[in-house]
Amino acid sequence: MKLERREEILKAYETCIALYGVEGATQKRIAEEAEIARPLLRHHVGNNDELLIEVVKRYTDRCRTSMQEFAAYPFANQDELLAVLFLDNSDLTTATDTMIATNLIVVAQTHAPIKELMKSWFDDVHHSFELVLSKLYLNVTNGLVTTVATGLIGIYFNLDALFPIKKNDENFQKSSYGAAKLLLGALENEREL
């Protein structure tokens, strides 16, 4: 029962972070979202800092699992990769996870333990993109793979972060796809040499 309640609280906190940001995710809002009495938050999860660290770990673990699946997927070509990243709308993350990440990145600027956890999360995302590109573009230098992975992540995160306001903007989605395709052209060119 305690583990179930803890899970409900953490899920409620994530929802509040997505909706109100970390500062706006008050104990009152979390308790209301979890449908428990506010004093029980501390009993089940701990103080505010412990609760925040737990949510960051929960979020980053979820992302790591998603990125491991992404890196293990046997993409046949760049068009299949680009479709997954920019066109199929299945998305590697949910809109809620995007908002959680955005808010955690903001908090990481002033909270050293969160910064370290988020830095590790991003390094894992970057590594997953590098693995996918390394498998698609054999015999391409690691430096170029790293650079293109960085650019793809930037385009992907930009599209993901702007989803709430660009949700039905097919031109923006197609333009993001086109920008990524141009970037992948650098790998194609080096592979052909």
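**Cysteines, then helix H5**

Modeller: Cysteine 63 is buried, with a relative accessible area of 8%; buried means under 20%, exposed over 50% and partly exposed in between, using a 1.4 Å probe on protein chains only. This is a predicted model, in which local features need pLDDT of at least 70 and side-chain atom pairs count only at pLDDT 80 or more, while totals for chains, interfaces and linings use all residues. Residues are numbered from 1 along each chain as its sequence is written, and side-chain values use heavy atoms, leaving out hydrogens and water.

Cysteine 16 is buried too, at 2% relative accessibility. For cysteine 63, the closest cysteine sulfur is that of cysteine 16, 19 Å away and too far for a bond. The count of disulfides (cysteine sulfur pairs within 2.5 Å) therefore comes to zero.

Now for the helix, H5, which spans residues 78–87; helices are DSSP runs of H or I, at least four residues, numbered from the N terminus. At its start, a side-chain oxygen of asparagine 77 comes to within 3.1 Å of the backbone nitrogen of aspartate 79. Gln78, Leu81, Leu82, Leu85 and Phe86 are the buried residues of H5. Looking down the axis of H5, you find these buried residues within an arc of 100 degrees, so they line one face of the helix. The arc is taken from the directions from the helix axis to the C-beta atoms. Helices H4 (48–72), H7 (112–136), H8 (142–161) and H10 (170–192) are among what covers the buried residues of H5, with contact meaning heavy atoms within 4.5 Å.

Definitions and conventions
Helices (H or I, at least four residues) and strands (E, at least two) are DSSP runs, numbered from the N terminus. A polar contact is a pair of N or O atoms within 3.5 Å; within protein, one must be able to donate a hydrogen and the other to accept it, and residues adjacent in sequence count only if both atoms are side-chain atoms.
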